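Have the model open as you read, and take the points one at a time.

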Amino acid sequence: MSTDWFYQQEGTTLGPVTAADLKQLAKAKILQPGDFVRRGDTDNWTPARRVQGLFETVPPQSPSPT
């Protein structure tokens, strides 16, 4: 069973979308880290950047050898 997600942009609630769709929206930069999201089974909105795995993180670079 997949959990539906909702997201808000410019005060408008959009969805439901699947978790895979939400990730695609983030990858396409349609969904931004500062947009709010919530799972369909909750009423709590949270910034999209707090959803683990939604946005790819860049690992810190090690210093260049000199």
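1. Let us start with Lys 29, which is exposed, with a relative accessible area of 65%; exposed means over 50%, buried under 20%, and partly exposed in between (1.4 Å probe, protein chains only). Lys 29 sits in the loop between helix H1 (19–27) and strand E3 (36–39). Its phi is near 65 degrees, a positive value in a residue other than glycine.

2. A word on the basis of these notes: this is a predicted model, where local features need pLDDT of at least 70 and side-chain atom pairs count only at pLDDT 80 or more, while totals for chains, interfaces and linings use all residues. Residues are numbered from 1 along each chain as its sequence is written, and side-chain values use heavy atoms, with hydrogens and water left out. Helices (H or I, at least four residues) and strands (E, at least two) are DSSP runs, numbered from the N terminus.

3. Next, please look at Glu 10, in the loop between strand E1 (5–9) and E2. Glu 10 has a positive phi, near 50 degrees, and is not a glycine. Its relative accessibility is 82%, so Glu 10 counts as exposed.

4. Strand E2 (residues 12–17) contains Pro 16. The peptide bond leading from Gly 15 to Pro 16 is cis, and its omega is near 10 degrees.

5. Is Val 51 buried or exposed? It counts as buried, because its relative accessibility is 17%. Val 51 belongs to the segment after strand E4 (46–47). Apart from neighbours within four places in sequence, Val 51 is in contact (heavy atoms within 4.5 Å) with Trp 5, Val 37 and Thr 46.
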